[in-house]
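Dear colleague,

I am handing over a structure to you, and I would be grateful if you looked at it before reading on. My notes on what was found in it follow below.

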Amino acid sequence: MGQALGLVQVDQSTVAIKENFGKFSEVLEPGCHFLPWCIGQQIAGYLSLRVRQLDVRCETKTKDNVFVTVVASVQYRALAEKASDAFYKLSNTREQIQSYVFDVIRATVPKLDLDDAFEQKNDIAKAVEEELEKAMSMYGYEIVQTLIVDIEPDDRVKRAMNEINAAARMRVAASEKAEAEKILQIKKAEGEAESKYLAGVGIARQRQAIVDGLRDSVLAFSENVPGTTAKDIMDMVLVTQYFDTMKEIGASSKSSSVFIPHGPGAVKDVAAQIRDGLLQAKLQ
């Protein structure tokens with residue numbers, strides 16, 4: 001009914017191209033418009049002003065002869081002030097944009113090695129966007145943003161890259177493990193050295209305490225028992241040590257059988273041998 005009366009509705013984010021007897025007349029904004037068809041006025045078509053996205057897959061080769069598929073996403077929209085150019089100058093906008101994307105990618109990526117292509121995705125996207133902006137502005141389109149979504153090498157190249165990465169990580173892990181074991185061995189050696197040092201200090205203090213105790217015992221015995229000599233006191237101390245040693249050997253559950261002389265004469269011989277050994281050590 002509205003068209004019969006010459007009334008036309010243009011939706012939001014859309015413009016209509018008005019023609020008069022087949023010739024472009026004006027661009028109609030969103031709203032209701034009166035177009036008397038009887039005098040040759042009509043709507044040639046509608047043009048959306050919304051942002052649209054075009055995904056382009058382009059196969060090319062890198063500088064190091066690796067075939068890759070570059071996936072680019074182009075976001076674009078028609079300009080209201082250039083709606084007539086966007087409507088009349090291009091018959092297939094998507095194919096036009098795709099052709100420019102192919103051209104720029106195939107001119108840029110072959111100058112880069114595969115690793116550089118991954119690192120310079122933003123530079124490739126910027127080059128594509130600049131070229132599209134220059135080319136599409138004359139046709140009434142604005143390039144909102146261009147993204148290089150992915151760079152897909154051949155499957156065999158992917159596997160090789162993964163193996164290289166895995167080998168590198170294994171080398172790092174082996175190096176870290178070896179370094180950890182090295183530190184562990186060093187710390188263990190330092191601990192053993194410190195332990196032996198402290199054990200030596202303990203033994204030295206123990207022996208010093210024994211010597212001091214023997215000296216004090218000899219002096220005390222000499223003062224309390226007149227007529228005794230140092231030799232008599234030392235013999236008594238050696239006998240005491242002898243019996244203490246036999247007691248410890250007998251009390252130990254892990255000791256093997258030891259056969260030693262145990263008579264009084266044997267004790268005298270032991271004392272003589274120890275005393276002679278000490279005297280020889282002093283003479284040397």
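A residue is called buried when its relative accessible area is under 20%, exposed when that area is over 50%, and partly exposed in between, with a 1.4 Å probe and protein chains only; these areas come from the Shrake-Rupley method, in which only the protein chains shown count as cover for residues. By this rule Lys18 counts as buried, because its relative accessibility is 9%.

Please keep in mind that this is a predicted model, in which local features need pLDDT of at least 70 and side-chain atom pairs count only at pLDDT 80 or more, while totals for chains, interfaces and linings use all residues. Residues are numbered from 1 along each chain as its sequence is written, and side-chain values use heavy atoms, with hydrogens and water left out.

Salt bridges come next, each being a side-chain nitrogen of Lys or Arg within 4 Å of a carboxyl oxygen of Asp or Glu, and the count comes to six. One of them joins Lys18 to Glu26, with the closest N and O atoms 3.1 Å apart; Glu26, at 34%, is partly exposed. Another links Asp85 with Lys89 at 3.7 Å from N to O, and here Asp85 is partly exposed at 23%, as Lys89 is at 48%. The side chains of Lys134 and Glu131 also meet in a salt bridge, at 3.8 Å, and both residues lie in helix α5 (residues 121-137), three residues apart, or about one turn of the helix. Helices (H or I, at least four residues) and strands (E, at least two) are DSSP runs, numbered from the N terminus. Lys134 is exposed at 57%, whereas Glu131 is partly exposed at 28%.

If neighbours within four places in sequence are left aside, Gln41 is in contact with Lys18, Glu19, Asn20, Phe34, Leu35 and Pro36, where contact means heavy atoms within 4.5 Å.

Finally, Asp64, Asp113, Asp115 and Glu119 gather in a patch of negative charge on the surface. Patches are made of residues with over 30% relative accessible area and no salt bridge, like charges being joined within 9 Å, and Asp and Glu count as negative. Asp64 lies in the loop between β6 (52-61) and β7 (67-78) and is partly exposed, with 35% relative accessibility.

Note on methods:
Patches are made of residues with over 30% relative accessible area and no salt bridge: like charges are joined within 9 Å, nonpolar side chains (Val, Leu, Ile, Met, Phe, Trp, Tyr) within 5 Å. Accessible areas come from the Shrake-Rupley method with a 1.4 Å probe; for residues, only the protein chains shown count as cover. The place of a charge is taken as NZ of Lys, CZ of Arg, CG of Asp or CD of Glu.
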